[in-house]
Amino acid sequence: MKHSNKFFEVDIPESSLSPRSLPKATKIITSLYLLLTLLLFVLRRIYYVRHEDQEFDSVIVPFLELVPDKVVQYPTAIILSNLIDIKWWKIITNLLNLVLGGSFIEKNWGSSKEIVIFILVLGSITNLVVLSATYVLAQVFTSIRLDLPIDGNYTVLVGFPIIYRQLLPETTIINIKYPSFISKNFRFKLLPIFVICFMTMVQLVWFHHFAELISIWLTFFTTWIYLRFYQRLPTLGNSNTTNEIIVGDASDTFQLIYFFPDIIKPALRPIFNFSYYLFCEKLRLIKPFETDEIDKGNQVAENRGAKRIDQAIDDIEAGDRRRELALKMLNQRMEEPNR
């Protein structure tokens, strides 16, 4: 789908806009999301009608919502909270992500099992870590309440943009053409950092929910670690003999450092390099990539449209040279009338 006018141009791949034939896992997860979200609203409404002295927003359903001091009694919330929402904007965003993005991802991955693992298993692991961090921090900061629900559903909202960046790195989402001083070709590779920064600002400025801020960033790192080192996908080639399994994404372009803006990369690089050395080489908690795995990962990434790292650097340097030349020519033109 392509739309263009004076101010902007939008170009979304047609393959991501075919909700009529939803794959099996995406259809099941989307249906469960709608049913459980509706069930949560109905149960809260029933309780509110029966207890009119209580505000509707304060009504909690602990077997669905992730409430720290109720989770021992209702462990189902660790899993089911991945499939519910109460904020209307998140319901709309997640539905679009599941129907359009989930369909595209499942077809591209060629695995229904992987989409379930990504949403439910990774989401539940993140919830457990967030609960543990909340319990610990509540012992230090008395302002952190354990009787309020934590939004346990950021896997789709924060995790899917990482997958879009992986599968469609150089594909343009929107090209802002006017006014010229803010013109920008916004590609999928910029989407994860935009989403994570936007969600962080919303929590810091608007909602002030510290546990959810932890959940957002943990989801970002958890999903990247899984996609980078652990995900197992079949190759979708033309081989009629055996299906090769690719573990993780060893491509250079999928390194964590390239998710962040250039201005902060010098500060982040030593931190990320030390983390890789500690967890991959020293503690061996994560298996380091071999050279042939990196080469194979780079080939897969290039087939998806990703630029090689050296090519990307060349493009940046070429852009810098063009800007320097333009500035030099502008200075010369400004000096000419004074001669």
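UniProt positions are given in the numbering used here, and annotations may be inferred rather than shown by experiment. With that in mind, welcome to this predicted model. The UniProt entry, which is unreviewed, lists residues 25-43, 115-138, 188-207 and 213-230 under "transmembrane region".

**Two of the listed stretches**
- Residues 25-43 are 100% helix and 0% strand, with 27 Å between the end C-alpha atoms.
- Residues 115-138 are likewise 100% helix and 0% strand, and here the end C-alpha atoms lie 33 Å apart.

**A look at Ser124**
- Ser124 sits in helix H4, which covers residues 112-140.
- Is Ser124 buried or exposed? Its relative accessible area is 11%, and buried means under 20%, so Ser124 counts as buried.
- Leaving aside residues up to four places away in sequence, Ser124 touches Ile78, Ile79 and Asn82.
- With Asn82, the Ser124 side chain also makes a polar contact, side chain to side chain, at 3.3 Å.

**Helix H9 and its two sides**
- H9 runs over residues 291-303, and its 13 residues reach 19 Å from first C-alpha to last, close to the 18 Å expected at 1.5 Å a residue.
- Which residues of H9 are buried? They are Gly297, Asn298 and Ala301.
- Seen down the axis of H9, these buried residues fall within an arc of 100°, so they line one face of the helix.
- An α-helix has 3.6 residues a turn, so residues three or four places apart point the same way.
- On the face of H9 turned away from the buried side, you will find the exposed residues Asp292 and Asn303.
- After H9 comes Gly305, with a positive phi near 105°.

Conventions
Residues are numbered from 1 along each chain as its sequence is written. This is a predicted model: local features need pLDDT of at least 70, side-chain atom pairs count only at pLDDT 80 or more; totals for chains, interfaces and linings use all residues. Side-chain values use heavy atoms; hydrogens and water are left out. Helices (H or I, at least four residues) and strands (E, at least two) are DSSP runs, numbered from the N terminus. Buried means under 20% relative accessible area, exposed over 50%, partly exposed in between (1.4 Å probe, protein chains only). A polar contact is a pair of N or O atoms within 3.5 Å; within protein, one must be able to donate a hydrogen and the other to accept it, and residues adjacent in sequence count only if both atoms are side-chain atoms. Contact means heavy atoms within 4.5 Å. The expected span of a helix is 1.5 Å times one less than its number of residues. The arc is that of the directions from the helix axis to the C-beta atoms.
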